[in-house]
Protein chains: 2
Amino acid sequence: MSQVLHKEIDSLKKRLLHLGAVVEEALRRAVRAFVTRDAALARRVIEGDELIDELEVEFEEEGLKIIALHQPVAVDLRFIVAVLRINADLERIGDLAVNLAERAAFLAGVPGFRIPVDLPPMADEAQEMLKASLDALVNMDAELARRIIERDDVVDKVNAAMYHVIYDRIKEDPEQVEPLLHVLSSARYLERVADHATNIAEDVIYMAEGTIVRHLPEDFRATRRQGA
Amino acid sequence: MSQVLHKEIDSLKKRLLHLGAVVEEALRRAVRAFVTRDAALARRVIEGDELIDELEVEFEEEGLKIIALHQPVAVDLRFIVAVLRINADLERIGDLAVNLAERAAFLAGVPGFRIPVDLPPMADEAQEMLKASLDALVNMDAELARRIIERDDVVDKVNAAMYHVIYDRIKEDPEQVEPLLHVLSSARYLERVADHATNIAEDVIYMAEGTIVRHLPEDFRATRRQGA
């Protein structure tokens, strides 16, 4: 294993964390635009996606260059393949921040409308999962990664509960169906952010242990964890 | 370039087309379950996803093994990286077929409910895009791939139009909000199938020409096409 390769891998990790920080910030702003009904802030999130796309493409090219130049094997190859997947997940979280910002911009134009669910706690949870997944990556911490995977269930349940609140609101006031469905979509985007954070956590486990965790049933994951 | 590597790459392509065929069939069945309100067929689609997940994981392992053993460069490495991405897209289309089947199973339990939009033409379009993207892959046909990318716009518009029909139906009959939103979600899944077919087409262009088309604005894509 060459030292040059390890330096390249380190620099790849730094790039990925930089992209992660940009995506985290985009998501934070999109949530704030939603909560404060700030259409100008929402637009800035939408415009900022170009940078995220550029960073993703650059990262992928860099990763492939390293594979081609250094022909890494075993653990190093696994690392690069996993960071390429994480790169794609981060880019998609960036897209979800844009989607959320678009809904925020719409809702900013419906000033009298009361949002019937409490999105910020769910947003906090999704953002914490994202942050934790990047921490797990930095420290190659498979235990932390497993705890993130478990949290995804909670977000799914909160999302499902919101559906029912919104169904009821639509029945009470069907004229508001459009803004209510924008709220529903916003919750779904946050739920998908949590899914991508879960994907990242799964890739951290793959990097740390060589085990493919995605597609495993919940109870099997739990058994593995207790056995670990 | 070794002959052994090219044999491996050929076999990788065959595996991918096999996965593509399995995913196409899952989607076809999910659409039929939706249209005919066949809960038993929907359940078979849901159960069949395990096979798709297995094929995806096997494919990825095979692709990585080839990179590690043969250390391909340039065009060959680009091919393998692109098929790994397509593999992930196909797996996600499989997930969307499951999601559609879940909605179909729900709607099968609401026998009197009239579905207010005509989903089959949209389903046909998404399925044709998927089929064409796999054809473009087999023949490494960048021109066909570009035509697929253009069709994505049509599906997006049909999906947006369905939203408005369903908003109106909800206003007329808010008690039906739940099954109506299941229909809306079903349309959205088909729209996302078309997105993934578009991703596959973009990767075919990348394989054939080395150009990263994803994230490019629509008009730039069109210019490139006329210039080609």
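A salt bridge here is a side-chain nitrogen of Lys or Arg within 4 Å of a carboxyl oxygen of Asp or Glu. In this predicted model, the side chains of A:Arg85 and B:Glu60 meet that rule, with N to O at 2.5 Å. The pair crosses between chains, joining helix H3 (residues 74-108) of chain A, where A:Arg85 sits, to helix H2 of chain B, which holds B:Glu60.

A:Arg85 has a relative accessible area of 22% and is partly exposed. B:Glu60 has 8% relative accessibility, and because buried means under 20%, B:Glu60 counts as buried.

**The interface of chain B and chain A**

The contact draws 32 residues from chain B and 32 residues from chain A. The size of an interface is often given as the accessible area lost when the parts come together. Between chain B and chain A the buried area is about 3,100 Å², and carbon and sulfur atoms give 61% of this. The count of salt bridges between chain B and chain A is 2, and the pair B:Glu60 and A:Arg85 is a salt bridge at 2.5 Å. The interface also has 2 residue pairs in polar contact, both at pLDDT 80 or more. On the side of chain B that touches chain A, two or more residues each come from helix H2 (39-70), helix H3 (74-108), helix H5 (142-172) and helix H6 (177-209) of chain B. The residues of that side of chain B divide into 15 nonpolar, 4 polar and 13 charged.

**Salt bridges within the chains**

Over all chains the count comes to 28 salt bridges. Side chains of opposite charge can pair when their charged atoms come close.

| Pair | N to O distance |
|---|---|
| A:Arg85 and B:Glu60 | 2.5 Å |
| A:Glu172 and A:Arg169 | 2.9 Å |
| B:Lys131 and B:Asp135 | 3.2 Å |

A:Glu172 and A:Arg169 both lie in helix H5 (residues 142-172) of chain A, 3 residues apart, about one turn of the helix. A:Glu172 is exposed at 57% relative accessibility, whereas A:Arg169 is buried at 19%.

B:Lys131 and B:Asp135 are 4 residues apart, about one turn of the helix, and both belong to helix H4 (residues 119-139) of chain B. B:Lys131 is partly exposed, with a relative accessible area of 43%, and B:Asp135 counts as partly exposed at 31%.

In chain A, a network of salt bridges links A:Arg15, A:Glu58, A:Glu62 and A:Lys65.

Notes. Residues are numbered from 1 along each chain as its sequence is written. Chains are lettered from A and ligands numbered from 1 in the order in which they are written. This is a predicted model: local features need pLDDT of at least 70, side-chain atom pairs count only at pLDDT 80 or more; totals for chains, interfaces and linings use all residues. Side-chain values use heavy atoms; hydrogens and water are left out. Contact means heavy atoms within 4.5 Å. Buried area is the accessible area (1.4 Å probe) that two parts lose on being put together, summed over both. A polar contact is a pair of N or O atoms within 3.5 Å; within protein, one must be able to donate a hydrogen and the other to accept it, and residues adjacent in sequence count only if both atoms are side-chain atoms. Ala, Val, Leu, Ile, Met, Phe, Trp, Tyr, Cys and Pro count as nonpolar, Asp, Glu, Lys and Arg as charged, and the others, Gly among them, as polar. Buried means under 20% relative accessible area, exposed over 50%, partly exposed in between (1.4 Å probe, protein chains only).
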